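Here is a structure to get to know, chain by chain and contact by contact. Have a look at it before reading on.

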Amino acid sequence: MVLQILISGLLLGGIYALMGLGLSLTLGVMRIVNLAHGVFYALGSFVIYSFVVQAKINSFLALFFTFIIIFFLGIVIERILLKPVRESEMNVMIVTFALAIFAEQCIRLGWGVMYRSTPPFFRGELKIGQLFLDYQRMLAFGIGMAIIVGLVIALKKTKLGKATRMVQQNYEMAMLLGINVNFVSMLVYGLGVGLAALAGCLLAPLYLIFPAMGWTPLLMSFAIVILGGMGSIMGTVIGGFLFGLTTLLTSYYISSGMVNVVPFLAMIITLIIRPGGFFGKEIF
Amino acid sequence: MAILKVSNLTKSFKGLTAVSNLHFNVEEGEVLGLMGPNGAGKTTVINLITGFLKPDSGTISWHNENIAGMKPHRIVHRGITRTFQQARVFPNISIFDNVIVGLSQSDQTRLFSAPDPKQRVLDILKFVEMKTKPSILAKDLPQDELRRLEIARAISSDPKLLLLDEPVSGLTPEESDSIADIITRLNKAGITLLIIEHVMRMLMKVSHRLVVMSSGTKLSEGTPEEVRKDPLVAEAYLGKEGEELA
Amino acid sequence: MMSKAEVKGRNPIRAVSVFLLLCFAAALPFLTQKQYLLHVIILANILATFALSWDFLAGFMGQLNLGHSMFFGIGAYAIGFITMAYQIPPILGLILGGLIAVFLSFIVGIPCLRLRGPYYAIATLAFSQVLFTLAMGLPKLTGSEEGITKIPKFIVSIKGNYYFSFFLLVAAVVALKFLFRSKFGKRLISLREDERLSEAAGIDTSAYKIIGAAMSAFLAGVVGAYNCYYHGNVTPDMLSISLTFSVVAVVVFGGIGTLYGAIPGAYVLTFLNEYLYFLMNYRLLIYALVIMLMLLYSSGGLLGLVRERLKVFENGNTQSK
């Protein structure tokens, strides 16, 4: 039983890592606190729901389309909303907070308040001895990990990836070296929220979706990034796994209603003990 | 009599040593100039003395109490205040309010003894020759008024030792002389001062003694004449910036 | 050349208009039969008072607390729990609500002392979500979504509540005005301006942060408790992110750090919400849109815009934009 929980926790953690990575990008490269990160997760879930349930499009295709839509939406939002307020930390937080509320209300008006469920990409499960591993979880994990690996490679090898890392390390220096930081910011925001949406798509079949579902992923993403530390992809991934485990352990041993509480407490404790996280540097 | 004794003070940041085994004393009633090329560690020393940084090792003894590592506001209550390299004030509140927030509660202040706090603030502003009306917001001030306001704020808590970090940088010679005059008057009223400055003319004029730092350690020490003649000092400066000592 | 009145910071035109408004407000219940209008004004007053407590923290002290509804809500739940078991005089209830919120502010504030702006915002958001989750997830204790109902009312008549809600609001405004004129209040403001400089000026920033937050929480708790008494029930949305957002919207709309801005902000938003009930569904959407537009256009809020057009409302200190 414990093994079941552990494995499920790790599988879930892989997706959390994806979500956390998205936040790590906007936080680290753009140096903004994107309080709307969670609502993009929610949008991802709802958009793929529409594609699969209402338009009856194949799940994998829907995944792809959803990412593209959210990616471009993110870019538009960055240009219109974020670029003007970038200098003021407080204003960015208020604007993204307002954006999150706005988008949540849009979801509520567009789809209604009913809790909905999305069908899995593949039905069925694998049985190994005492363990039940359902295909959806494994698939989600697989896709999530593939994306993370792809991202790491892109950051290390491609010109754009290197430019992004340079902007993260030293904004002024990157500008002096002729890197188009505006363009990088735009892309990074689109990518960051796109990853959140992807996580939302992959997890949609596992849980019920509802308009206010974005807040927990938001706080979870922050918790992961804070725990794992800034600039450390490994730290974020490990943080993701940790929170995946914690979520499942809480859900099983305490109650599924309390799932929110334990990760948040963990984050608060981390903030108190080591604001810099356990692996990377401090965010601010 | 030495009121501040810095011994064996060391501070590094991620492998870079900013201050290394620094020793010096500040004598009661003097104006001590702290000089040295850029990067010598002077501002770090002020940060260490005033509690903004914790030393890796060493002691800072103030009236026989080791204040190293204490919180800044506690050190202020013990009688040491400072200004900053870039003039730092509370921008969105008035000049008057900038001074009153730090005003000493005590009845027995040395310098400004009007019983009414409002009057005391006005006296302080007059002492630093503040020309702007007290109700004006601090962010609208020109550079020399900002420096005056900073000094006003720093003396409002009735310090025995005042640390000034580049008080005349960015000022014209006339403004500079005016600040130098304030420093002299403060000193005559009984306040001990430690001043970091690059503008040699002013520093030489107001200081009783000088301590010269280079690469985190003390290079030389003595009266302005003695330091001027010290070949090590010339080398440190000429080697790095070619700055004149006259 | 500034006139003596301007130098002293007193503005006769503003004082007179406020006085006239208050007279009108006092006379209103006798001039109209519309109970609903009075009810809406009471709601506006409650929101305005709550918004003041948030502006205290965010606008004056620079602490962007995104979980502020937890102080309001815990004051309300305190009344809910206590009145289930005991009969207590309502004034005591209000004070208890405030004190419990103060206690919460210590639990939240002390760990968060070292946290810089964004960390503090996230941590407070997290704390309030924990409380919200507890309120939803412990049905035996809190009644979950339905909350606790049938709480005996404090004042039964609408007129009584009308005057009491004004009393709370005016008392809060007066208290805050005096506070921020005092040296203690100016030290709180210095925290917002430059925390390190505050330390350098001899201010114990940790102590001031805790005490300031406690004062803000007390106000929020008292008005939260009153809100519970007025409606006769307490529900989890008194702890929700939406409620926090409502006050953020009100204050940003009226102008952060202006104190008075929260009041017209609260009135405008409450009246829009109640009277344009076909917009009820779109309420938060509109607030959010307005806030985003506001921040793109001007960061002084409504009051900032008004100030620029009508210099009459300036309080004697020249404000450059």
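## How the chains meet

Keep in mind that this is a predicted model. Two pairs of chains are in contact, and of these, chains A and C share the most contacts. Chains A and B, on the other hand, have no contact joining them, and their closest C-alpha atoms lie 13 Å apart.

## Where chain C touches chain A

Start with the pair that shares the most contacts. Here 31 residues of chain C are in contact with 32 residues of chain A. On the chain C side, the elements giving two or more residues are α6 (117-137), α12 (241-254) and α14 (283-297). Helix α6(C) gives the most, with 12 residues.

What kinds of residue make up this side of chain C? They divide into 24 nonpolar, six polar and one charged.

## Where chain C touches chain B

Now turn to chain B. This contact takes 18 residues from chain C and 22 residues from chain B. Two helices of chain C, α9 (183-193) and α10 (195-200), are the elements that give two or more residues to the chain C side. The largest share, six residues, comes from α9(C).

By class, the side of chain C that touches chain B divides into six nonpolar, five polar and seven charged residues.

## Chain C from end to end

How many helices and strands does chain C have? Its secondary structure comes to 15 helices and zero strands. The chain has 321 residues, and 51% of them count as buried. Take the contacts in chain C between residues at least 6 apart in sequence: 78% of them join residues at least 24 apart.

Chain C is divided into domain 1 (1-31) and domain 2 (35-247). The centres of these two domains, taken over C-alpha atoms, are separated by 28 Å.

## The nonpolar core and A51(C)

The largest nonpolar core has 271 residues. Which residues have the most contacts inside it? They are A51(C) and I291(C).

Zoom in on A51(C) to see what it touches. Leaving out residues up to four places away in sequence, A51(C) touches V247(C), V250(C), V251(C), A262(C), G265(C) and A266(C).

Is H68(C) buried or exposed? It counts as buried, because it has 28 C-beta neighbours inside 10 Å, and 20 or more is enough for that label. Not counting residues up to four places away in sequence, H68(C) touches W54(C), A220(C), T244(C) and V247(C). V247(C) is also on the list of residues that A51(C) touches. As for M136(C), it sits 68 residues from H68(C) along the chain, and their C-alpha atoms are separated by 18 Å.

Then there's L22(C), which lies in helix α2 (residues 12-31) of chain C. L22(C) has 12 C-beta neighbours inside 10 Å, so it counts as exposed. L22(C) and F166(C) are 144 residues apart in sequence and 9.4 Å apart in space, going from C-alpha to C-alpha.

## Two helices packing in chain A

Over in chain A, helix α1 (residues 2-30) and helix α5 (residues 135-157) pack at an angle of about 40 degrees, with their axes 9 Å apart. The contact uses residues from both helices, including L11(A), G14(A) and L18(A) of α1(A) and F141(A), G144(A) and I148(A) of α5(A). Sorted by class, this contact has 12 nonpolar, three polar and one charged residues. As for handedness, α1(A) passes α5(A) in a left-handed crossing.

## Two asparagines in chain B

Most residues other than glycine have a negative phi. Chain B has a couple of residues to check against that. One is N8(B), where phi is positive, near 55 degrees. N8(B) is found in strand β1 (residues 2-13) of chain B, and it counts as exposed because it has 12 C-beta neighbours inside 10 Å.

N64(B) also isn't a glycine, and its phi is positive at about 65 degrees. Look for N64(B) in the loop between β4 (57-62) and β5 (65-66) of chain B. With 7 C-beta neighbours inside 10 Å, N64(B) counts as exposed.

Methods. Residues numbered from 1 in each chain as written. Chains lettered and ligands numbered in written order. Predicted model: local features only at pLDDT ≥ 70, side-chain atom pairs only at ≥ 80, totals over all residues. Axes fitted to C-alpha atoms, helices over the stretch in contact; angles between N-to-C directions. Helix = DSSP H or I, 4+ residues; strand = E, 2+ residues; numbered from the N terminus. Left-handed = near helix turned anticlockwise from the far one by under 90°. Contact = placed C-beta atoms within 7 Å. Nonpolar A, V, L, I, M, F, W, Y, C, P; charged D, E, K, R; others polar. Domains from an automatic or database assignment. Core = buried A, V, L, I, M, F, W, Y, C linked by C-beta atoms within 7 Å.
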